[in-house]
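Let's take a walk through this model, starting with a pair of strands and ending with some aromatic rings. Have the structure open and follow along.

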Amino acid sequence: MDDKDAVMAALNDWMEGLDSGDLERMVRTCDPEVVVCNERQPTTVGMQAIRDKYGPRIEANTFRSGFEIEHFKVYGNQALLVGHFTVEFTDKETGRTGGGEGRLVLTYRKHPDGAWKLLLDIDNNDERNAA
């Protein structure tokens, strides 16, 4: 598997983890120093911050996510993806639906074992009834 395929596999693992409600699958795709800069939210650092942010959301909702790539480039042991994301959710208790979409910049770092891990997540979410 080449580097681009490996990065895409990590991205797909994240989305499939979210869509299936598997938080630990999402966390496994992250670098220990992962930085998340989502619009209108505090910047967070680390894998526990991913658990803290997404755990309650996954417990309360089901998700369907997508990502359309506009730019993808590998720079040595770093990869940059720019694109457009979509996410839809359904509240498990009330059935209320909502979602969001927007631009997304992701940076992955290649680890010594060859695994690509999410290092930086920056979005400008145009929220629609966010979860």
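Start with strand 3 (residues 61-75) and strand 4 (residues 78-91): the two run antiparallel and are joined by 14 bridges. Strands here are DSSP runs of E with at least two residues, helices are runs of H or I with at least four, and both are numbered from the N terminus; two strands pair if DSSP finds at least two bridges between them. This is a predicted model, where local features need pLDDT of at least 70, side-chain atom pairs count only at pLDDT 80 or more, and totals for chains, interfaces and linings use all residues. Residues are numbered from 1 along each chain as its sequence is written, and side-chain values use heavy atoms, with hydrogens and water left out.

The hairpin of these strands has 2 residues between them, and Gly76 takes a positive phi near 65° there. Elsewhere in the pairing, Phe63 stands opposite Phe89 of strand 4.

Now look at Thr62, also in strand 3. Leaving out residues up to four places away in sequence, Thr62 touches Glu88, Phe89, Thr90 and Lys92 (contact means heavy atoms within 4.5 Å).

On to the rings. Rings of Phe, Tyr and Trp (its six-membered ring) pair if their centres lie within 6.5 Å, with planes under 30 degrees apart called stacked, over 60 edge-to-face and the rest tilted. That rule gives 1 aromatic pair. The ring centres of Trp14 and Tyr54 are 5.3 Å apart and the planes sit at 90°, so this pair is edge-to-face. Trp14 belongs to helix 1 (residues 3-20) and Tyr54 to helix 3 (residues 47-60), so the pair ties together parts 40 residues apart in sequence.
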